[in-house]
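Thanks for coming. I will take you through one model, a few places at a time. Please have the sequence and the structure open.

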Amino acid sequence: MKLPYWVRGDTNAFFGFGVNVLVNVLTLTGLCIGVIGMDPGDVFGVILPALGIALVAGNMYYTYLARRLAAKENRADVTAMPYGPSVPHMFIVIFVIMLPIYLRTKDPIQAWTAGIAWAFIIGVIVLIGAFVGPYIRRYAPRAALLGTLAGISITFISMNPAGQMWKAAWIALPVFGLLLIGLLTDVKLPFNLPIGLVALLLGSAIGWLGGAMSVPDVTAAAKDIAFAFPHLKADLLVDGLRDMAPLLATAIPLGVYNFTEAMTNVESAATAGDRYNLRSVLLADGGGAVIGSVLGSPFPPAVYVGHPGWKAAGGRTGYSMATGVVIALLCFFGMFGLLGTIFPTAAIVPILLYIGLLIGAQAFQATPRAHAAAVVAALIPNIASWATGQMDNVLSAAGTTAADVGIGTLAGAGVVYDGLKTLGSGAILAGLVLGAIVAFIIDKRFWQAAIFSGAGAVLTFVGLIHAEKVQWNADGQVSLGYLLLTVVCVLFALTKPAPRVPDAEELALERLHEGGTDVAPRETAGVAA
């Protein structure tokens, strides 16, 4: 059988997926320059070319896997896995890793090196996960894993774009409405036009007609277009790894999430008819993060949710490779500065709010209803982390700190700063621990709850959670609290209570998840993992 490199359906899938990746790269470009204060030369000359190499290599690899699978099974309807910069990771590395360092040191290079080291650690963890991932997934409740991700989606992914949207609601709300109609309903646009592209063009047209954009800005950005090819930045990586202990608190759980989500996406593809080897996918994800970090990118790419959506759109093996190549060329030629002056920010960020909504909703939809409280428990540390980050940013802008103002003064104003700071430190891992404890208590599986509570005591004692830095005896009172909770759980476990009996809906959900039929609906197509 002669397998074509391009079919008609690849065109539709390319525009849909390509616009999604384009928006993500525009967003991370703006975050680097606008939030971290990085030199545009470093962003356009180093970070984006490095990301471009990772994207083109990864998407070409997934095209190869798809064509190999098609040849093996002698069929022409195999769809390649979508691959691009991960939305949760780009917000976490900016707001959780890089921004605090930048605010403390006023040095964007130091923040950049920490981000590169973090991305490298993520890649290594995912590579390890290719061999141990299924075992870790077996022991962590889904409510805890998805709940802490939902916390990230509600805070770091959704809130900033929402604020930007309402600054220019006259541009953003029509775009947002169009995305919701096209992605959350079965209503199709005329000629089956890709919703992401149409939404971006609609917002841009409104912005230009309304005078929000500037021709001189476009002209100035066009003059800055220059070719830049990536090269090794091992010195920056080594500098970042010298102080890698604080990075582990977020890198470990995000790495675990990466290979857990990759496993779910492989199951989703299998249900759609394309059975990929999980280890091959995880090795590609981990390898892409490592390659990108060595070249200077702090943004690890990953397999996206949505393979069944692109398959339904007619995408086969060509759309993925075309997306990687086109985005890489835009990165190499420094085109994203120009694109940022053509497309209004308010036309771009609604897709990010949509992604945040989708990830947040998934935490409740893909877990048993009985575990809803566990999902909320996993949200709380991430909300605390975001809230204290906002407080710190405001105080820094005012030229002061919480310590200078005084914790007592803040408490007198109704701001529980110190407690929220402790709760939110190491929020991703803390949310995972807290959500797991609540889920196991709900199920009356007290031994498992005791194990996670004991793990919380150890993680706190060494500073991976609920502490500002990794050190011995980082927060004794929180460690003691987890230990006493462990005792409580053990005492109840000794009474040997009967575990909670799942209802029929929960059993069906579990079969759906474990049986490899966790199919991403059409509306999730193109959402970053």
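**Around helix α17**

Asparagine 382 touches Thr148, Gly151, Ile152, Thr155, Phe156, Ala427 and Ile428, leaving out residues up to four places away in sequence; contact here means heavy atoms within 4.5 Å. This asparagine lies in helix α17, where helices are DSSP runs of H or I with at least four residues, numbered from the N terminus. Asparagine 382 is buried, at a relative accessible area of 1%. Buried means under 20% relative accessible area, exposed over 50%, and partly exposed in between, with a 1.4 Å probe and protein chains only.

Before going on, the conditions. This is a predicted model, in which local features need pLDDT of at least 70 and side-chain atom pairs count only at pLDDT 80 or more, while totals for chains, interfaces and linings use all residues. Residues are numbered from 1 along each chain as its sequence is written, and side-chain values use heavy atoms, with hydrogens and water left out.

Serine 385 is also placed in α17, which covers residues 372-397. Serine 385 is buried too, with a relative accessible area of 16%. Beyond its neighbours within four places in sequence, serine 385 contacts Phe156, Gly424 and Ala427. Phe156 and Ala427 are also among the contacts of asparagine 382.

Next, α5, residues 142-157, and α6, residues 159-167. Their axes are 4 Å apart and the two helices pack at an angle of about 30°. Axes are lines fitted to C-alpha atoms, for helices over the stretch in contact, and angles run from 0 to 180 degrees between N-to-C directions. On the α5 side the residues are Ile154, Thr155 and Ile157; in α6 they meet Met159, Asn160 and Pro161. By class, the residues of this contact are four nonpolar, two polar and no charged. The classes are these: Ala, Val, Leu, Ile, Met, Phe, Trp, Tyr, Cys and Pro count as nonpolar, Asp, Glu, Lys and Arg as charged, and the others, Gly among them, as polar.

Glycine 356 takes us to α16. Apart from neighbours within four places in sequence, glycine 356 is in contact with Ser153, Ile157 and Ser158. Glycine 356 is buried, at a relative accessible area of 2%. The helix, residues 345-365, has 21 residues and reaches 31 Å from its first C-alpha to its last, close to the 30 Å expected at 1.5 Å a residue; the expected span is 1.5 Å times one less than the number of residues. Of the 21 residues in α16, 15 are buried, so the helix is mostly covered.

**Cores**

Which residues have the most contacts inside the largest nonpolar core? They are Phe91, Ile94, Met98, Tyr276, Ile327 and Phe336, in a core of 106 residues. A nonpolar core is a set of buried Ala, Val, Leu, Ile, Met, Phe, Trp, Tyr and Cys residues joined through side-chain atoms within 4.5 Å. Isoleucine 327 contacts Gly18, Val21, Leu22, Val25, Leu55 and Phe336, again setting aside neighbours within four places in sequence. A second, separate core has 20 residues, including Leu145, Val433, Ala450 and Ala457.

Alanine 114, in helix α4 (residues 108-139), is buried at 8% relative accessibility. Outside four places in sequence, alanine 114 touches Ile97, Ile101, Gly240 and Leu247.

**Cysteines**

How many disulfides does a search of the whole structure find? The search finds zero, a disulfide being a pair of cysteine sulfur atoms within 2.5 Å. For cysteine 32, the closest cysteine sulfur is that of cysteine 331, 12 Å away, which is too far for a bond. Cysteine 32 is buried, at 0% relative accessibility. Cysteine 489 is buried as well, with a relative accessible area of 3%.

**Two loop residues with positive phi**

Lysine 444 is not a glycine, yet has a positive phi of about 60°. This lysine sits in the loop between α21 (427-442) and α22 (446-461), and counts as partly exposed at 36% relative accessibility.

Asparagine 473, also not a glycine, has a positive phi of about 55°. Asparagine 473 lies in the loop between α22 and α23 (476-494) and is partly exposed, with a relative accessible area of 42%.

That is the last stop; I will take questions.
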